[in-house]
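This report describes selected features of one protein model. Please read it alongside the sequence and coordinates shown below.

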Amino acid sequence: MKPMPTSQSMIDADRDASCHPVAASTAAAALPLSADEQYALLMGHLNIGVFQSTLSGEFLVLNDALAAMAGYSRDELQARSALCLYAEADVRTQMMHALLRDGEVRHGGVRALRKDGSPFWMSIHAVLRRDEHGTPRSIFGVVADVTERKQVEEELRLFRESVQHSSDAIGIATADGEPYYRNAAFARLFADAGPKQAELLYRDPRQAQEIFASISAGGSWQGEVEMFGRDGALLTVLLRGYAIRDAEERVIGLVGVHTDITARKRAEQAIRDGEARLNEAMKQAQLAHWEMDAQTLMFTFNDRFYALYATSAEREGGYQMPARVYASEFLAPEDQHLLAELGREMTTRGLDEVQSEHGIRRRDGEARRILVRVTAVRDADGRMVGSRGTNQDITEIRRAEAALFASQSRDRAMLQAIPDLVFRLTSAGVVLDYKADVRDLYVAPEPTLIGRDISGLLPPFLSALISERIAAALHTGDVQTFEYQLQMPDRGPRDYEARMAPSGADEVTAIVRDVTEIRRAAAERAELAEKFQQSQKLESLGVLAGGIAHDFNNLLAVILGNASMALDALPKDSPARHGIEAVDEASRRAAELVRQILAYAGQGRVLCEPMDFGALVRDMTGLLRSTLSKKATLATERASALPPIEGDPGQIRQVVMNLIVNASEALGAHDGIVTVSTGVRDCDAEYLRGGVLDDSLDPGRYVFVEVSDTGCGMDAATMRRVFEPFFTTKFLGRGLGMAAVLGILRAHRGTIHVRSELGFGSTFTVLFPAFEDPRVATPRAPRVSDPARNWRGEGRLLLVDDDDAVRRTGEALLRRLGFDVVTAADGREACDLFRARGAEFALVICDVAMPRMDGAATLHALRQMQPAVRVIMTTGHDGQAVLPELGDDAIAGFLQKPFDLQSLRTVLRRALGT
């Protein structure tokens, strides 16, 4: 028994397999890639990082995209460990635990570090590769830079939180008015309004209908409305409503921003009432008057003065009061010093008039604010002998001002919280006010832009556009929307959307949003959707191909089986042998074509072997010469000696055949020349990148076949679609066409260059890597006679197949080989026969795909009845692909449909051990 390989030996073997083509092919055969790994390799030509590493993080293989993502050259990153990419080492440790446990791990956002230490975010999909003993050997992974996506997600999160925590009540409805979203402020403002529809919140239902109609038509509405709030209370609300449009400018939603201005309206009304009372007081001379003697420091008050302090002359002992008593009894403690300061200021500075504001305490305990106006009283010599003045209660005025200031502060805070740029402009384009992040300003940051002409701050094209939209907004009163792009000094090109609406008789307000990242995200989503659609097409193709292969292989099994029996029965000099041999050869070629379709659709495998490419092209040219259009002249320019290539001969023949047939059909009804050239050339990376397939092909020697025609040629639109599945310029499609060519080239690490011009023909150049192994096999020697070709068996066999024709043909072939045959049409019938007569059967031949009870279930049931029973399985699919479906039940042999007499004889001899 061989010793179990160590982890290090498996890692070294994996590295050797990655660095040498032959070893890589062997390793791939031993360790087939999973579906995710195949997908990662398919994505290798995009800007997505691909790597293979040891379990400890040492890179075995990585691509340029991964190195560039982290700011390294490929050699630099190859020399380092994968640990250098992780900003947090414990994240990789956690991922390794999950990978060893589950065999696969996905992480959508890992914080990473570039070579220069700057952070970025990457998504990782890693798959654990094991050897045939199940021991972990290496890690295969795909890495994408998701930094921009993380930034967009963060901005969207901040925007959602800003809306949710906005002090304004924000509601969003569908286009037909059904509520869709309401933030917390909306719930607080209207929470107790009951189960009312949105339009029933309005005091005036007709106004609600007008607003809804205006916004639904794609416009906007702004103004004050009266609405029912908590507990049915009537509120005054500043409403700003507008429509949400999709890319086709269709209205898909309605947004309403509600600001409760009830308190502000009351404060404004209080200010107006206060002003009215002040005017009335002035008319009636109801101000609180007083006089003071400078010698005695005694105040003399009138009744209005005492009324201001909620008292009376009777209560205070008359109309006179010492200044110190007044200060201590009626002035707020913190303002008592102001009375003496006013006197000193008038005396020392010689002022005739002064005024001051301070707090008072009324007799009823209420604190108020008063405005004191003082006028000096002087004698004939100008000496100050006293003063007189008025006290005015300004408490309500100050309260209203404070309320107004608070409201304005909330408005300013809301404006600052919105991520958009906001500008107020005059009709001439002068900036009245603005809110903007300095990163979004086209000009260098300045102390202020207020008062500047917008035309001097922006490029000419944008200045002209804004001037035009300002004029349109003021003339029509409608909201103006437009888009533009600016080349920002330190951020590159940025896309902006702007909405402009009149906000006064001679001014407009513009809201500008940076939509660069949103559009990038939308483009990424569209690209992913397109790739998903393409994958769905290929999946459908695979299902179709599998169904066709099953039925078609059954038909071919009948044809090939009967042809092989006829050839076996005919004498070698029979004149009928030539025709039957042609049927036999055509059947084998059809079976090979089915295998090619299955391989392209992902239900088969590519069988690579060294081959003489020049000989293959020469044979195909000779074969197709007689089948081409009579208008086509086939010319060849073949190199004398070509290095071999490694590939599937059947699939390579399909490539050459498709190219030559398409070139002939491009000639149409006109005479023309189809030229087939072969050769070898040294290709650098730049030339390879110019091909249709750019899977990071290695520079080096490539063998090529070039097929050109003098036909109609192709325009640019046709060239872009020529490799799409089922695309054709003919009246009827021919199947996979050039899409099959592309799939085969991808599997063989080749590429194709296309040159064409409408009216001047087309040239297709297909390149395959040259196979440099000097041990490449020489052309196969002629078959020698096999002494076992006349082998015959004996005994009774059970043949199980759901297809009547296949069953009859198989029975005839087996009887010709000397066996007695019992047939069953499906698995259940076979089990019934075996249960009754199992001891009679030396061997069972069973189809894999059957109705009611398939081959795997039948095999398992037979093993339950007789563990030692010998079973040969048959199918039209690839044997390696269906073997896992059979589970742990070993089989005595495998027979690939369609099969001939000799293939059947060989499998039976091996299964029966004779």
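This is a predicted model: local features need pLDDT of at least 70, side-chain atom pairs count only at pLDDT 80 or more; totals for chains, interfaces and linings use all residues.

## The five-stranded sheet

Five strands make up an open sheet with antiparallel pairing, arranged in the order β7-β6-β10-β9-β8. At its edges are β7 (179-182) and β8 (220-228), each of which pairs on one side only. From one strand to the next, the twist averages 25°. Helix α9 (residues 205-216) lies across β8, β9 (234-245) and β10 (251-260), and its direction is at about 150° to β8.

The pairing can be followed strand by strand. Strand β6 (residues 169-174) runs antiparallel to β7 and is joined to it by three bridges; here I172 is opposite Y181 of β7. Between β8 and β9, also antiparallel, there are nine bridges, and Q222 has R240 in β9 as its bridge partner. Nine bridges likewise connect β9 with β10 in an antiparallel arrangement, where A243 stands opposite L254 of β10.

Two hairpins occur in this part of the chain. In the hairpin of β8 and β9, five residues separate the strands, and D231 in the turn has a positive phi of about 55°. The hairpin of β9 and β10 has five residues between its strands, with E249 at a positive phi near 65°.

Strand β11 (residues 288-293) and strand β12 (residues 298-301) run antiparallel and are joined by three bridges. W290 has F301 of β12 as its bridge partner.

## The α24 and α28 pair

Helix α24 (residues 804-816) packs against helix α28 (residues 901-912) at an angle of about 65°, and their axes are 10 Å apart. The crossing of α24 past α28 is right-handed. L813, L814 and R816 of α24 make the contact with L901, L904 and L908 of α28. By class, the contact residues comprise five nonpolar, no polar and one charged.

## Cavities

The structure contains four cavities of 30 Å³ or more. The second largest cavity holds about 170 Å³ of space.

Which residues lie nearest the centre of the second largest cavity? They are F51, Y86, R92, I124 and I139, out of a lining of 17 residues. The elements giving two or more residues to this lining are β1 (49-53), α6 (89-102), β4 (119-130) and β5 (136-145). Of these, α6 gives the most, with four residues. The lining of the second largest cavity consists of 15 nonpolar residues, one polar and one charged.

Terms used:
Residues are numbered from 1 along each chain as its sequence is written. Side-chain values use heavy atoms; hydrogens and water are left out. On a 1 Å grid over the protein atoms alone, a cavity is a set of points where a 1.4 Å probe fits but cannot get out, and a pocket is an open set with protein on both sides within 12 Å along at least five of seven lines; lining residues have an atom within 4 Å of a point. Grid points are joined across faces, edges and corners, and a volume is the space filled by probe spheres set on the points. Ala, Val, Leu, Ile, Met, Phe, Trp, Tyr, Cys and Pro count as nonpolar, Asp, Glu, Lys and Arg as charged, and the others, Gly among them, as polar. Two strands pair if DSSP finds at least two bridges between them. Axes are lines fitted to C-alpha atoms, for helices over the stretch in contact, and angles run from 0 to 180 degrees between N-to-C directions. Contact means heavy atoms within 4.5 Å. A crossing is left-handed if the near helix is turned anticlockwise from the far one by less than a right angle, and right-handed if clockwise.
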